[in-house]
Amino acid sequence: MKLKPVQTYPAAELKGRVPGELHQALEAYAAYYCETTRQAIEVWPLVVLMLQQFVDTDREFQAWRRAQSGPGGGPVRS
């Protein structure tokens, strides 16, 4: 078997502000999510899900990230 070791990273805290219009849109999206899935969700967990989906599906970023990996699969360090 050629399984890579599982990498776990500690959670990180992000702080910042979003424009009011974006916050209103996120609140509306949370309501939409609840209506379509029958599961309530707060704005912050929704934002985390959206960011994860964005990063996971960005093909150019994923290709760049793979190119940045060294021979052992880890990041290349200068």
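Me: Which residues does Gln62 touch, not counting residues up to four places away in sequence?
Reply: Start with contacts. Contact means heavy atoms within 4.5 Å. This is a predicted model. Here Gln62 touches Val55 and Asp56, with residues up to four places away left out. Gln62 itself is found in helix H3, residues 59-68.

Me: Is Gln62 buried or exposed?
Reply: Buried means under 20% relative accessible area. Gln62 has 18%, so Gln62 is buried.

Me: Now turn to Val55. Where does Val55 lie, and with which residues is Val55 in contact?
Reply: Val55 lies in helix H2. Setting aside neighbours within four places in sequence, Val55 is in contact with Phe61 and Gln62. As for cover, partly exposed is the band between buried and exposed. Val55 has 30% relative accessibility, so it counts as partly exposed.

Me: How many helices and strands are in the protein chain?
Reply: Count the elements, then read them in order. The protein chain has three helices and zero strands. Along the sequence the pattern is α-α-α.

Me: Why does the length of helix H1 agree with its residue count?
Reply: Helix H1 runs over residues 20-37, which is 18 residues. At 1.5 Å a residue, H1 should span 26 Å. Its end C-alpha atoms are 25 Å apart, so the two agree.

Me: What follows H1?
Reply: Check the backbone angle there. Most residues other than glycine have a negative phi. H1 is followed by Arg38. Arg38 is not a glycine, yet its phi is positive, about 65°. Arg38 is found in the loop between H1 and H2. Its relative accessibility is 71%, so Arg38 counts as exposed.

Me: With which residues is Leu46 in contact, leaving aside neighbours within four places in sequence?
Reply: Look for partners from further along the chain. Leu46 lies in helix H2. Leaving aside those neighbours, Leu46 is in contact with Leu26, Tyr29, Ala30 and Ile41. Take the pair Leu46 and Tyr29: they are 17 residues apart in sequence, and their C-alpha atoms are 8.5 Å apart in space. Leu46 has 3% relative accessibility, so it counts as buried.

Me: What share of the protein chain do buried residues make up?
Reply: Buried residues make up 10% of the 78 residues. The accessible surface of the protein chain comes to about 7,700 Å², and 57% of it belongs to carbon and sulfur atoms.

Me: Which residues make the nonpolar surface patch?
Reply: Leu14, Trp44 and Val48 make a nonpolar patch of about 340 Å². Val48 is in helix H2, residues 43-57. With 41% relative accessibility, Val48 counts as partly exposed.

Me: How many salt bridges does the count come to?
Reply: Look for a side-chain nitrogen of Lys or Arg within 4 Å of a carboxyl oxygen of Asp or Glu. The count comes to one salt bridge. The side chains of Lys15 and Glu13 meet in it, at 3.6 Å from N to O. Both Lys15 and Glu13 are exposed.

Notes. Residues are numbered from 1 along each chain as its sequence is written. This is a predicted model: local features need pLDDT of at least 70, side-chain atom pairs count only at pLDDT 80 or more; totals for chains, interfaces and linings use all residues. Side-chain values use heavy atoms; hydrogens and water are left out. Helices (H or I, at least four residues) and strands (E, at least two) are DSSP runs, numbered from the N terminus. The expected span of a helix is 1.5 Å times one less than its number of residues. Patches are made of residues with over 30% relative accessible area and no salt bridge: like charges are joined within 9 Å, nonpolar side chains (Val, Leu, Ile, Met, Phe, Trp, Tyr) within 5 Å. Accessible areas come from the Shrake-Rupley method with a 1.4 Å probe; for residues, only the protein chains shown count as cover. Buried means under 20% relative accessible area, exposed over 50%, partly exposed in between (1.4 Å probe, protein chains only).
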